[in-house]
Amino acid sequence: QLLSRRGITRWGFQTAVQLILLGTALPVSDTQCGYKFLRVSVAQRLYDDLYLRRWSHDVEVLYRTALYGIPCRTVDIEWEDKAGSKVEEAGVVQVSLQMLWDIIRLRWVYFLLALQPSKQR
C-alpha cells in the first residue's frame, strides 16, 4: 500500500511531521489513524483548546500526549483505503499543503508558548 496515492501522501506527511517536530518523540508512526481511544478526563485535556482544527488536529493531540507525559500506544488494525475519501474530494495537493502549514504553525505556537513560563496548558 506504500505505492498507492494514499501511501505516498501518508509517507510524505509523516516524514514532514518527524522533521518539523524534530526532538519530539510522538508515540505513534501514523498520526492520521482515525481511532483514538481515551478516558474522558484525558480526552478533555488533550482536545481542550486545540490550535489545529482541520486535518492535522491528530498531530496536535499526539504532540500533547508527549508534552504532558500521557502514555500512549498503538494497536494494529486492518485498514482498507476506499475511493471517495474526504481528502480526495477536497483535493490531495490542497489538503497536503494545508496539513504541512498546520504542522509548521503547530511547532511555532508551542515554541512561543514554551517561551512564556506563565502560560500553563
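Visitor: Where is the place of Asp49?

Guide: Asp49 sits in the loop between H2 and H3. Helices here are DSSP runs of H or I with at least four residues, and strands are runs of E with at least two, numbered from the N terminus. This is a predicted model: local features need pLDDT of at least 70, side-chain atom pairs count only at pLDDT 80 or more, and totals for chains, interfaces and linings use all residues. Residues are numbered from 1 along each chain as its sequence is written, and side-chain values use heavy atoms, with hydrogens and water left out.

Visitor: What is the phi of Asp49?

Guide: Asp49 is not a glycine, yet its phi is positive, about 55°.

Visitor: Is Asp49 buried, partly exposed or exposed?

Guide: Start with the cut-offs: buried means under 20% relative accessible area, exposed over 50%, and partly exposed in between (1.4 Å probe, protein chains only). Asp49 has 45% relative accessibility, so the residue counts as partly exposed. Compare Asp58, which lies in helix H3. Asp58 has a relative accessible area of 10% and is buried.

Visitor: Which residues does Asp58 touch?

Guide: Contact means heavy atoms within 4.5 Å. Leaving out residues up to four places away in sequence, Asp58 touches Thr31, Gln32 and Lys36.

Visitor: How many helices and strands are there in the chain?

Guide: The chain has five helices and zero strands. Its pattern along the sequence reads α-α-α-α-α. Of its 121 residues, 28% count as buried.

Visitor: How do I check the span of H5?

Guide: The expected span of a helix is 1.5 Å times one less than its number of residues. H5 has 23 residues, so it should span 33 Å; its end C-alpha atoms are 33 Å apart, which agrees.

Visitor: Which residues of H5 are buried?

Guide: They are Val92, Val95, Met99, Asp102, Ile103, Leu106, Val109, Tyr110 and Leu113.

Visitor: Which residues of the largest nonpolar core touch the most other members?

Guide: A nonpolar core is a set of buried Ala, Val, Leu, Ile, Met, Phe, Trp, Tyr and Cys residues joined through side-chain atoms within 4.5 Å. The largest one here has 16 residues, and Val17, Leu21, Leu26, Val59 and Leu106 touch the most other members. Helix H1 (5–20), H3 and H5 each supply at least two residues of this core. The largest share, seven residues, comes from H5. Another core lies apart from it, with six residues, among them Leu50, Val61, Tyr68 and Ile70.

Visitor: What is Val59 in contact with?

Guide: Setting aside neighbours within four places in sequence, the partners of Val59 include Phe13, Val17, Ile103 and Leu106.

Visitor: How many aromatic pairs does the structure hold?

Guide: Rings of Phe, Tyr and Trp (its six-membered ring) pair if their centres lie within 6.5 Å; planes under 30 degrees apart count as stacked, over 60 as edge-to-face and the rest as tilted. The structure holds three such pairs. Tyr51 and Tyr110 form an edge-to-face pair, 5.8 Å centre to centre with 85° between the planes. Tyr51 lies in the loop between helix H2 (40–47) and helix H3 (57–68), and Tyr110 in helix H5 (residues 92–114), so the pair ties together parts 59 residues apart in sequence.

Visitor: Which residues form one aromatic cluster?

Guide: Tyr51, Tyr63 and Tyr110 do. Tyr51 is partly exposed, at 29% relative accessible area, whereas Tyr110 is buried, at 6%.
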